[in-house]
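Please keep the sequence and the model in view while reading.

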Amino acid sequence: MSLSLFRPLKVGPWSLAHRVVMAPLTRMRATVPGSMPNALNAVYYGQRASQGGLIICEASPVSQQASMGPRIPGIHSAEQIAGWKLITDAIHAKGGIAVLQLWHIGRIAHSSNRAGALPVAPSAIAANASTLSAAGETVPFETPRALETAEVGAVVADFGQAARNAIAAGFDGVEVHGANGYLLEAFLQSRSNTRTDHSGGGIENRARFMLDVTRAVAAAIGAERTGIRLSPYGRANDSGETEPMPLYSYVVGELNTLGLAYLHLIEPRASGAGQREVDHQDVPSAAVLFRPLWQGALIAAGNFKADTAEAMVTAGHADAIAFGRYFISNPDLPARIHANAPFTPYNRATFYSSGPNGYSDYAAMS
């Protein structure tokens with residue numbers, strides 16, 4: 001069916017056989033204590049790998065401070081590196097390409113999931129939303145602790161070390177998580193960053209942290225093995241800039257000089273889709289807006305179906321399309337799209353549960 005989606009594509013050093021990418025998806029099935037990837041995770045990712053297919057594994061905290069909670073697999077301990085090796089081996093056994101998303105959750109954490117430690121952020125400004133405590137209660141986000149100027153550089157170093165850890169775990173590359181209101185985007189946006197040091201104020205200063213992190217990762221493992229994810233016009237986790245174009249045009253322009261493997265953009269219509277069903281209306285297309293500013297490979301994500309993904313690539317607005325929720329319920333998604341077969345519906349209630357139910361028990365086409 002789809003011609004454009006099944007043309008080969010060169011992304012950094014990787015040769016993709018098709019353009020159907022698995023998006024990074026938090027699933028909260030790490031082993032505790034230790035937040036370690038495990039054999040069940042390897043089954044799940046192995047099921048979704050394909051020859052020449054790009055798998056972007058779920059967001060992984062770069063330090064203990066960066067984490068949301070104990071069931072999120074990290075990439076900052078020897079045990080976690082060993083656990084991720086199970087996953088990369090499973091993906092490579094199917095001929096797939098494995099990339100790990102590097103994450104600092106920032107103010108979108110809760111102290112009850114962090115042994116009482118307050119979340120950190122660019123400024124002491126709480127997200128205007130609610131979250132779940134460790135007891136499962138719906139509670140407002142807490143006012144975070146503003147990172148000290150000296151601490152900012154330490155977080156940059158954490159990202160560089162996490163990138164080296166990912167390569168040690170067998171990953172082919174990494175993706176910097178700069179989207180969805182987490183720490184990097186919180187530094188970027190004026191509503192969450194009111195700092196008066198070199199990381200606050202005008203656009204250049206607010207972009208400094210994200211750019212420093214990306215440069216540190218690129219220096220650690222090579223720019224050609226480094227991607228980044230952004231969410232211009234996004235609304236997730238009380239994020240959003242009043243005038244996104246000047247800010248994100250500057251950021252994309254600066255990133256463009258680094259020689260990264262790819263830019264990964266979340267379409268605004270899907271902002272917050274991991275938390276609930278959304279289809280925001282009267283919003284622009286991030287890929288359409290920023291494609292002219294980006295010279296490398298561009299991946300678009302957000303509420304795509306087979307036909308809309310094909311149209312986006314055919315029009316040249318994106319080079320590949322990342323699927324999230326439908327990759328959960330369709331482990332053989334590229335084959336289904338190629339065969340024009342129907343998608344199995346997903347069960348949102350099992351997105352963040354435990355065990356194989358709604359995780360590794362979805363069937364491939366017979």
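## Strand β5 and its surroundings

Strand β5 runs parallel to strand β10 (residues 173-178), and four bridges join the two. Strands count as paired if DSSP finds at least two bridges between them; strands (E, at least two residues) and helices (H or I, at least four) are DSSP runs, numbered from the N terminus. The model is a predicted one, in which local features need pLDDT of at least 70 and side-chain atom pairs count only at pLDDT 80 or more, while totals for chains, interfaces and linings use all residues. Residues are numbered from 1 along each chain as its sequence is written, and side-chain values use heavy atoms, with hydrogens and water left out.

Together with helix α2 (residues 78-93), β4 and β5 make a right-handed β-α-β unit; right-handed means that, with the strands pointing away from the viewer, the path from the first strand over the helix to the second runs clockwise.

Strand β5 covers residues 97-103, and seven of its seven residues are buried, where buried means under 20% relative accessible area, exposed over 50% and partly exposed in between (1.4 Å probe, protein chains only). In a regular strand the side chains alternate between the two faces of the sheet. One side of β5 has Ile 97, Val 99, Gln 101 and Trp 103, the other has Ala 98, Leu 100 and Leu 102, and all of these are buried.

## Cores

Leu 102 is also among the residues with the most contacts inside the largest nonpolar core, together with Leu 230 and Ile 321; this core has 79 residues. Such a core is a set of buried Ala, Val, Leu, Ile, Met, Phe, Trp, Tyr and Cys residues joined through side-chain atoms within 4.5 Å. Its largest share, eight residues, comes from helix α5 (residues 203-221). A second, separate core of 17 residues includes Leu 9, Ala 261, Tyr 262 and Ala 320.

## Loop residues

| Residue | Relative accessible area | Class |
|---|---|---|
| His 104 | 1% | buried |
| Arg 107 | 4% | buried |
| Asn 237 | 8% | buried |
| Tyr 233 | 27% | partly exposed |

His 104 lies in the loop between β5 and β6. Its side chain reaches the backbone nitrogen of Gly 106 at 3.1 Å. This is a polar contact, that is, a pair of N or O atoms within 3.5 Å; within protein, one must be able to donate a hydrogen and the other to accept it, and residues adjacent in sequence count only if both atoms are side-chain atoms.

Arg 107 is placed in the loop between β5 and β6 (120-121). A polar atom of its side chain lies 3.4 Å from the backbone oxygen of Ala 126. Not counting residues up to four places away in sequence, Arg 107 touches residues including Phe 141, Ser 192, Asn 237 and Asp 238, contact meaning heavy atoms within 4.5 Å.

Asn 237 is found in the loop between β11 and α6 and has a positive phi of about 55° although it is not a glycine. Tyr 233 is found in the loop between β11 (226-230) and α6 (244-256); its phi is positive as well, at about 65°, and Tyr 233 is not a glycine.
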